Amino acid sequence: MKQLRVALLAGIALLFCAGGAAAKPTSAPLRVLFVGNSLTATNDLPAVVAQIARSHGRTLEYRTVAFGGYALEDHWAQGDARAALANGNWDVVVMQQGPSALPESQSNLRAWSIRWADEAARFGTRAALLTVWPESYRRGALVEVIASYRRAAEAAGATLLPAGDAWRMAWRCEPRLPLYGPDGFHPSALGTGAAALVVYGRLFKAPLVEQRAPRRTRLLEKAAARSLGRRVVRPCAA
């Protein structure tokens, strides 16, 4: 399993990291705590973000606390993420739960985002919310998922990392782009890569579009940039 994970990360790195040897570090490391569930753990999203950063001369130091099916309320009760936040001297805590599109789920996401953001502020840590996506059979709910996370981030004063919106932008250009994995919910390598580009671009305030990137990678780079509100020329062009 460890060898399979290493091979998977290497494959993602070839898709989403700049060509050539890693650049020399140009700034102090960014320390990020990731709190979520299997949507973050699948393909090891934090490791992909770290690889993208490293290839551009930046350093991400991170820890992941992710349990399958967990919401932010579950993490609060379980305690590991709270302990990690208190003891880690983090710059940012990146949080996600399920799609949270239904009215009661939206209220839950909002309430617990506020509580976690307040807790993070006690330790001088900035809170960020990572927008996810619904199951493939509910793909039409993606717009409401995006809105739910946006409203929760606004209520909590948290930074928004709109990965789900990057998926939406990419599908506008290529509707059959395989962002879902085999189960129709967890991300494929491409889906994780799109999310990682959003996280990297926002947290590091970094440019995203590489002139030498493969066609699909450039499409996802442009989608990530658009989700972050950046102007992109010919967003669907290779």
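These exercises work through helix packing and selected residues in a predicted model.

Residues are numbered from 1 along each chain as its sequence is written. Local features need pLDDT of at least 70, side-chain atom pairs count only at pLDDT 80 or more, totals for chains, interfaces and linings use all residues, and side-chain values use heavy atoms, leaving out hydrogens and water.

**Exercise 1. Outline the protein chain: how many helices and strands are there, and what percentage of residues count as buried?**

Step 1. The protein chain has 10 helices and five strands. Both are DSSP runs numbered from the N terminus: helices are H or I with at least four residues, strands are E with at least two.

Step 2. Of its 238 residues, 54% count as buried. Buried means under 20% relative accessible area, exposed over 50%, and partly exposed in between, with a 1.4 Å probe and protein chains only.

Step 3. Residues 24 or more positions apart account for 75% of them.

**Exercise 2. Describe how H5 packs on H6.**

Step 1. Two packed helices are described by the angle between their axes and the distance between the axes. Axes are lines fitted to C-alpha atoms, for helices over the stretch in contact; angles run from 0 to 180 degrees between N-to-C directions.

Step 2. H5 covers residues 80-87 and H6 covers residues 103-122. Their axes come within 9 Å and cross at roughly 30°. That makes H5 roughly parallel to H6. The classes are: under 35 degrees roughly parallel, over 145 roughly antiparallel, 65 to 115 roughly perpendicular, the rest oblique.

Step 3. The crossing of H5 and H6 is right-handed.

Step 4. On H5, Ala81, Arg82 and Leu85 meet Trp116, Glu119 and Ala120 of H6. By class, four of these residues are nonpolar, none polar and two charged. Nonpolar covers Ala, Val, Leu, Ile, Met, Phe, Trp, Tyr, Cys and Pro; charged covers Asp, Glu, Lys and Arg; the others, Gly among them, are polar.

**Exercise 3. Describe the packing of H3 and H9.**

Step 1. H9 spans residues 189-203. The axes of H3 and H9 lie 9 Å apart, at an angle of about 60°. The two helices are therefore oblique to each other.

Step 2. H3 and H9 cross in a right-handed sense.

Step 3. H3 contributes Leu45, Val48, Val49, Ile52 and Ala53. H9 contributes Thr192, Ala195, Ala196, Leu197, Val199 and Tyr200. This contact has 10 nonpolar residues, one polar and no charged.

**Exercise 4. Are Gly164 and Arg150 buried or partly exposed?**

Step 1. Gly164 lies in H8 (residues 163-173). With a relative accessible area of 0%, Gly164 is buried.

Step 2. Leaving out residues up to four places away in sequence, Gly164 touches Thr131, Val132, Trp133, Leu142 and Ile146.

Step 3. Arg150 belongs to H7 (residues 142-156). Arg150 has 36% relative accessibility, so it counts as partly exposed.

Conventions: A crossing is left-handed if the near helix is turned anticlockwise from the far one by less than a right angle, and right-handed if clockwise. Contact means heavy atoms within 4.5 Å.
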